[in-house]
Amino acid sequence: MKDNIDPCVKCSICNLYCPVALETDLFPGAKTSGPDAQRFKFSNGVIPEEFSRYCIGCGNCVINCPAGINTPLLNILSKAKYREKHPLSLGERLLENVIFLPSYIDIFSNLINKITNSSFVKKIIFPFLGLSSKRELPYFAKRSFSHLIKAKKLKKGGKKVVYFYGCYTEAHEPEVGEAVVYVLNKNGYDPVFPSWVCCGAPFIGAGNIEKGEKLAKKNIKSLSKMDSLDIIFSSTTCYHTIRDSYKELYEIDGIDDVAKRCKDIFQFLVELNDNGKLNKDFGKIKKRYFYHTPCHLKLLGIGTPALEILKLIPSIEIIKGDALCCGLGGLFGYKDYGYDISVKIGEELAKEIEDSNVDGVISDCEGCRIQVHHLTKKPVYHPITILMEAYKLGDHLSKEI
Ligand code: SF4
Ligand code: SF4
């Protein structure tokens, strides 16, 4: 594990970019929870892991650290130790595992949605489970992405790419996966779907490193078999976990080769455009959107490729926001101790959106979309569904909840 803290020059710049420390005194900031905690631990044998549960893993500290200190990684290691002494609440464990519901669960989606978001469950069961009753759980789609895509007649004969669609697309937003497939088809590519499991981000982020390793081994084994094909992601979190977190935490054969082949769907489309191969048969979209840059996209260091492509659509107007972070922090915003802090962090973003008078909000990350919708009630979109609309392939095709 690459957790070297020696290059830290104690400048405290990381604290200025830590959205949690800026909103609450319960978290001492990136420097204290990361490099300082490690130094303190080594010199005095004291491990202040209780701070680490407030780290939402956004990475804004790393992005702005002149020495490249990986504080979220240090905090994951601290969380792992914290878990040994403070077992997770039942609710936290349920939440970690809920995304693992198998794809055939979609036949029960209506029932699950009714139960999980009923006022009885939210007001009585959620607090008992350590979850915030103010947060709604994501709705399960009527049909999982894997079921939906099997039923479609897809164009064949194009070049192959791997599409790692991940849990959220599979269970909650199949229309995002559908749009990725249609846009790839439109550009002469046939996606192939690897055998996969959850990338492990919810487990790794909560310090469950062992569980994350089991999942990482399965995914690396499967993706290694897909020869030299590019691996496309529509979730910035899955992409960051597989490309970066796996390498930071684990030693697995084939991990470097898989990491080199990972690409965000819009990074892939920008490359096509740079080579003059992007299909630009776009119709007009006369709408005004707000774009929020996800923290994990910033952490990937690939710029904002979705913006580069969406700006090619005639008549579209896109306002890029400045807010540091949406505040959801994965499962953090669902927890009883995290909800209020999460909402406070998101207030700046919500205000920017309210002030911008837009038709909807675009963001590449499912967590950001969840938080924005929760705070503003505005329609939220993955950028690929907007591109699909520009290709006149349908208006957010299979939104079925
Ligand atoms: S971790 Fe980086 S930004 Fe934070 S105090 Fe150390 S060198 Fe400065
Ligand atoms: S990852 Fe985010 S929340 Fe955690 S210490 Fe860094 S800036 Fe703060």
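Colleague: Let's start with helix 12 and helix 13: at roughly what angle do their axes cross?

Modeller: Happy to, with the reminder that this is a predicted model. Helix 12 covers residues 209-224 and helix 13 covers residues 236-249. Their axes come within 11 Å, and the crossing angle is roughly 120°.

Colleague: Is helix 12 perpendicular or oblique to helix 13?

Modeller: Roughly perpendicular would need an angle of 65 to 115 degrees. The axes here cross at roughly 120°, which makes the relation of helix 12 to helix 13 oblique.

Colleague: Now to helix 10 and helix 20: are they parallel or oblique to each other?

Modeller: Helix 10 spans residues 174-186 and helix 20 spans residues 383-390, with their axes 8 Å apart. They pack at an angle of about 50°, whereas roughly parallel would call for an angle under 35 degrees. Helix 10 and helix 20 are therefore oblique.

Colleague: How many nonpolar residues does the contact of helix 10 with helix 20 have?

Modeller: From helix 10 come Glu175, Val176, Ala179, Val180, Tyr182 and Val183, and they meet Ile384, Thr385, Leu387 and Met388 of helix 20. By class, one residue in this contact is polar and one is charged, while the nonpolar residues number eight.

Colleague: What about helix 18 and helix 19, are they parallel or perpendicular?

Modeller: Helix 18 runs over residues 339-356 and helix 19 over residues 366-376, and their axes come within 9 Å. The axes cross at roughly 75°, which makes helix 18, relative to helix 19, roughly perpendicular.

Colleague: Turning to the ligands, which helix gives the most to the shell around ligand 1?

Modeller: Ligand 1 is surrounded by 16 residues, the closest being Cys8, Cys11, Cys14, Cys65 and Ile69. The elements giving two or more residues to this shell are helix 1 (13-16) and helix 2 (30-44). With four residues, the one that gives the most is helix 2.

Colleague: And which helix gives the most to the shell around ligand 2?

Modeller: The shell around ligand 2 holds 15 residues, with Cys18, Ala30, Cys55, Cys58 and Cys61 the closest. Helix 2, helix 3 (60-64) and helix 4 (71-85) each give two or more residues. The most, three residues, come from helix 4.

Colleague: How many charged residues are in the shell around ligand 1, and how many around ligand 2?

Modeller: Around ligand 1 there are 11 nonpolar, three polar and two charged residues. Around ligand 2 there are nine nonpolar and six polar residues. The charged counts are two for ligand 1 and none for ligand 2.

Colleague: Finally, over which residues does pLDDT stay under 50?

Modeller: The mean pLDDT of the protein chain is 89, and 92% of its residues reach 70 or more. Where pLDDT is low, predicted coordinates should not be read in detail. That caution applies to the 17 contacts beyond four places in sequence that the model has for the stretch under 50, residues 396-401.

Terms used: Residues numbered from 1 in each chain as written. Chains lettered and ligands numbered in written order. Predicted model: local features only at pLDDT ≥ 70, side-chain atom pairs only at ≥ 80, totals over all residues. Axes fitted to C-alpha atoms, helices over the stretch in contact; angles between N-to-C directions. Parallel < 35°, antiparallel > 145°, perpendicular 65-115°, else oblique. Near = placed C-beta within 6 Å. Nonpolar A, V, L, I, M, F, W, Y, C, P; charged D, E, K, R; others polar. Contact = placed C-beta atoms within 7 Å. pLDDT = per-residue confidence, 0-100.
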